[in-house]
Amino acid sequence: MLLTIGLFLMSAGAIYLACEYFVNGIEWCGKRLNLGATAVGSVLAAFGTALPESAVTFVAVAFGSTPEKKDLGVGAAMGGPLVLATLAYAVVGLALIANRKRLGRPTTEVKVDHMRMSRDQAAFLGVFVVKVALGLVAFAYKPWLGVLFLAAYAVYVWREIRDGDTAPEEEELEPLSIRPKQAEPALGWAVLQAVLALVVIGGASHVFVSQLESIGAALQWPPYLVALLLSPVATELPETMNALIWVRQGKERLALANISGAMMIQATIPSALGIFFTPWRFDGPLLASGVITAAAILYLWAMFRRGMVHGRTLVLAGSLYAVFALVLVVRFSNG
């Protein structure tokens, strides 16, 4: 167990350090490609950090040798959005509160395009409701509907790039870590740094997930509890670390765009894979995760729609994850 805990902590530290290099590299990629700050977070960063968990879902649902292993992929497809909609936003709120004085801000008000964020929540909720509804019914041509989720993500990316904004002038980029003496590094160097960081993130995330599964086994938790409660926290750790780093730099717009972009990926690509390769039928815990995720999104939509969001507002979203954890633990305790 000591080895497991040691690997758990070291892999978490490696993910954080690699994310430092990743966000630095991905910002330079966005600048070289003339993408707006929001598109950098919602498209480039989100797609890059979502690759590891999407690959995990694909392997589980496409090559799982037993129904239980395929269920782990479905659990990851449902657990990822839940973690992002609750814990990831809560981390942004906590980071804003903790860094308010260092950033020289009088309040923890979130500096972001509130209408755009509310629109993103509404778009995600629309896709997510369809995703959950399909888990409640069975019909012959359901696997073909997975294509619609891939199309929905393509439309989202097109819209994000089309409506892309530009970063404020005060958000100057730090020098590219692997070329610190170059004022304007080439795109190739930025891509190289981002890709190398992703490789480290992917490897460390794999170790992190393995240690969490070992901890779950040591606690004698059933596979569905690990798949819905622990594994998504691990697989969404890169997005959460990115958000933490960007908030510490005073760039919560990038942090929130990264989370909302990752949520859209989780609502579409892993869902499409699950629909393609599994019956995509939900039991009680999966349905509970869907209901609580939808509640979190409705809460965030209402707050951003209001036009003023503070750190404590985002922290409250994390309480819904505690509700879900309590539901699962009670169900496990009752057998």
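I started with Lys-31, which is partly exposed at a relative accessible area of 36% (buried means under 20%, exposed over 50%, partly exposed in between, with a 1.4 Å probe and protein chains only). I'm working from a predicted model, where local features need pLDDT of at least 70 and side-chain atom pairs count only at pLDDT 80 or more, while totals for chains, interfaces and linings use all residues. Residues are numbered from 1 along each chain as its sequence is written, and side-chain values use heavy atoms, with hydrogens and water left out.

**Salt bridges**

I looked up what Lys-31 pairs with, and its side chain meets that of Glu-184 in a salt bridge (3.5 Å, N to O). The cut-off is a side-chain nitrogen of Lys or Arg within 4 Å of a carboxyl oxygen of Asp or Glu. Lys-31 sits in helix 1 and Glu-184 in the loop between helix 5 and helix 6, 153 residues apart. Helices here are DSSP runs (H or I, at least four residues), numbered from the N terminus. Glu-184 is partly exposed at 47%.

Arg-32 also forms a salt bridge with Glu-184, at 3.0 Å, N to O. Arg-32 counts as partly exposed, at 30% relative accessibility.

Next I checked Lys-251 and Glu-27, whose side chains meet at 2.8 Å, N to O. I noted eight salt bridges in the structure.

I then went to helix 8 (residues 237–248), where 10 of the 12 residues are buried, so the rest of the structure largely encloses it. Among the buried ones are Trp-246 and Val-247.

The largest nonpolar core has 88 residues, and Val-92 is one of those with the most contacts inside it. Such a core is a set of buried Ala, Val, Leu, Ile, Met, Phe, Trp, Tyr and Cys residues joined through side-chain atoms within 4.5 Å. Val-92 touches residues including Ala-243, Val-247 and Leu-256 (contact means heavy atoms within 4.5 Å), not counting residues up to four places away in sequence.

**Surface patch**

Last, I looked at a nonpolar surface patch of about 620 Å², with Phe-58, Val-59 and Phe-63 among its residues. A patch takes residues with over 30% relative accessible area and no salt bridge, joining like charges within 9 Å and nonpolar side chains (Val, Leu, Ile, Met, Phe, Trp, Tyr) within 5 Å. Areas come from the Shrake-Rupley method with a 1.4 Å probe. Helix 2 gives the most, three residues. Phe-63 is in helix 2 and counts as exposed at 59% relative accessibility.

How values were computed: Helices (H or I, at least four residues) and strands (E, at least two) are DSSP runs, numbered from the N terminus.
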